[in-house]
Amino acid sequence: LKPFSYGEFQDSVMSVIRVKREPSQTNRILLEAQDLLNQDELTEAEALFLRVQAEAPQSARALHGLAQIARKQDKGEKAIELLKEAHSLNGDYVEALRDLIELLQLKGPVLDVMEYARKAHNLSPENPKYTLILAKTLLEKENFAESEAFFKKTIRLSPKLAQAYKGLGQLYLIQDDYESAMKNFEKSLDLDDNDVGTLNSLGTTYVKLGKFQDGITKYQAALRIKPNDARILFNLGYAKEKLNDVESARYYYRKALTLDPDFDKAKRRLAA
């Protein structure tokens, strides 16, 4: 899928061609195991991958296959350990690294995501997928300067990637740079006008800038897509309160509390 690193793409294609032209016995078994895995014949596939692992303990592809099986069996932690081992055996094996990062984003600690995303970035520095992951994880760890640099690099590599502008907007919003946040959220919406998170964040940015009606418009657009989001309902109530529309503010605070009775901030605003 575009955008991709051409060098990485070319290497992968040539590797496939070499294996297809003159497969070794090990490669024949691996190809058969992968075919079985693709058909969800997990028991048979696992037996072949284990056979390869017994004959060639340094086979990263066998470990990757076993990790894929573990993932299909909802054994995420086991899959992560197998993928880490595969990567340690072959640091250039992109498929295992890619799957490891994907799993860590779902289950792993942020620092692990960051570590392996850096490795993937070093292997494929022009791939915006990894610069974006690094930007997001660095933002989560409040490393704002490096996060900003990676968001900007992602935008240079892939100017139509809405998530990069959204992330950069969030970074500026955290830093109270509302004008910069607004510009990036607006650009993100130009590319993806149905992103609820961006609509909500842009609404908040407008409210911070005193553009209350513009904020209300964005919150209402977000609610049309996700009508039962307590956070957006609260934000809409707050914007209404800022316009001295007290009855509407009460209505939205109560509605937010109906959806989330433990929403302390909504309780406090309603009491006020």
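Helices are DSSP runs of H or I with at least four residues, numbered from the N terminus. The model is predicted, so that local features need pLDDT of at least 70 and side-chain atom pairs pLDDT 80 or more, while totals for chains, interfaces and linings use all residues. Residues are numbered from 1 along each chain as its sequence is written, and side-chain values use heavy atoms, without hydrogens and water.

**Exercise 1.** Classify the ring pair of Phe 234 and Tyr 253, and then the pair of Phe 234 and Phe 263.

Solution. Rings of Phe, Tyr and Trp (its six-membered ring) pair if their centres lie within 6.5 Å, and planes under 30 degrees apart count as stacked, over 60 as edge-to-face and the rest as tilted. By this rule there are four aromatic pairs. For Phe 234 and Tyr 253 the centres are 5.4 Å apart and the planes stand at 35 degrees, so this pair is tilted; Phe 234 sits in helix H14 and Tyr 253 in helix H15, 19 residues apart. Phe 234 and Phe 263 are likewise a tilted pair, with 5.2 Å centre to centre and 40 degrees between the planes. Because Phe 263 lies in the loop between H15 and H16, this pair ties together parts that are 29 residues apart in sequence.

**Exercise 2.** Which aromatic cluster contains Phe 234?

Solution. Phe 234, Tyr 253 and Phe 263 make up one aromatic cluster; Phe 234 and Tyr 253 are both buried, and Phe 263 is buried as well.

Definitions and conventions. Helices (H or I, at least four residues) and strands (E, at least two) are DSSP runs, numbered from the N terminus. Buried means under 20% relative accessible area, exposed over 50%, partly exposed in between (1.4 Å probe, protein chains only).
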